[in-house]
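Please look over the model shown here.

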Amino acid sequence: MYGQPEDALKNYKSAYKFHLSWCQTLQTMFNSGKYEKYVVSTRQDDVLLVRAIGSNNKVYESEQKLHVCRYCLSTLNYKGYRYATKAQKDKIYNEFSLKEFFNVQNSDYSFHDMPKHDEYSAKTNIYPDNWEHVSELHRKLCHYQCERCGKDCSHDHKLLHVHHINGNKQDLRQTNLIALCRECHIQEHPHMRNLY
């Protein structure tokens, strides 16, 4: 969570969603090699274990109510979601219940590839001990320039971040790392815009 105060981490509320179908989000993540970060759950109460990780790699765990993915609702056309008005879509989304979904939905939901882990067996995605060194070395090799837009960050090295392409912070292969300026990095994590 990039140096957020400890209180913010303890009270962190996840912006992530849960998925019910092979929607466009999961297809995109699968095709870009980022699907391993997803977990499977058999719970029916909309609650999952969420881990918030501080810059010191301290892990804060809490069970949180997550919201359903809107793309999944559209893919399944749940309760006519796909063709509903914005107000109707918001009502379906806000009133969604997993228990009701499994009671009324038939077996037309399926996944191209099931996640390998559940929320408890998944490894915590934390930075390795040598991350600062690896990050600095990669930025230096790129001459402190964004590898996407070419912005020069040599005047302030903190403006250039090193991003893990597949989302796995333990994967330090050069082919998995890309130096991105703040603006380009935000495009990779739009849900975390306020943290950069």
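F101 has a relative accessible area of 0%, so this residue is buried; the term buried stands for under 20% relative accessible area, exposed for over 50%, and partly exposed for values in between, with a 1.4 Å probe and protein chains only. The model is predicted: local features need pLDDT of at least 70, side-chain atom pairs count only at pLDDT 80 or more, and totals for chains, interfaces and linings use all residues. Residues are numbered from 1 along each chain as its sequence is written, and side-chain values use heavy atoms, leaving out hydrogens and water.

F101 and F102 form an edge-to-face aromatic pair, 5.2 Å centre to centre with 75° between the planes. Rings of Phe, Tyr and Trp (its six-membered ring) pair if their centres lie within 6.5 Å; planes under 30 degrees apart are stacked, over 60 edge-to-face, and the rest tilted. F102 has 32% relative accessibility and therefore counts as partly exposed.

Ten aromatic pairs are counted by this rule. In one of them, the ring centres of Y78 and F101 are 5.5 Å apart and the planes stand at 55°, so the pair is tilted. Because Y78 lies in the loop between helix 3 and helix 4 and F101 in helix 5, the pair ties together parts 23 residues apart in sequence; helices are DSSP runs (H or I, at least four residues), numbered from the N terminus. Y78 counts as buried, at 3% relative accessibility. One aromatic cluster is formed by F18, Y78, F96, F101 and F102.

Conventions:
Helices (H or I, at least four residues) and strands (E, at least two) are DSSP runs, numbered from the N terminus.
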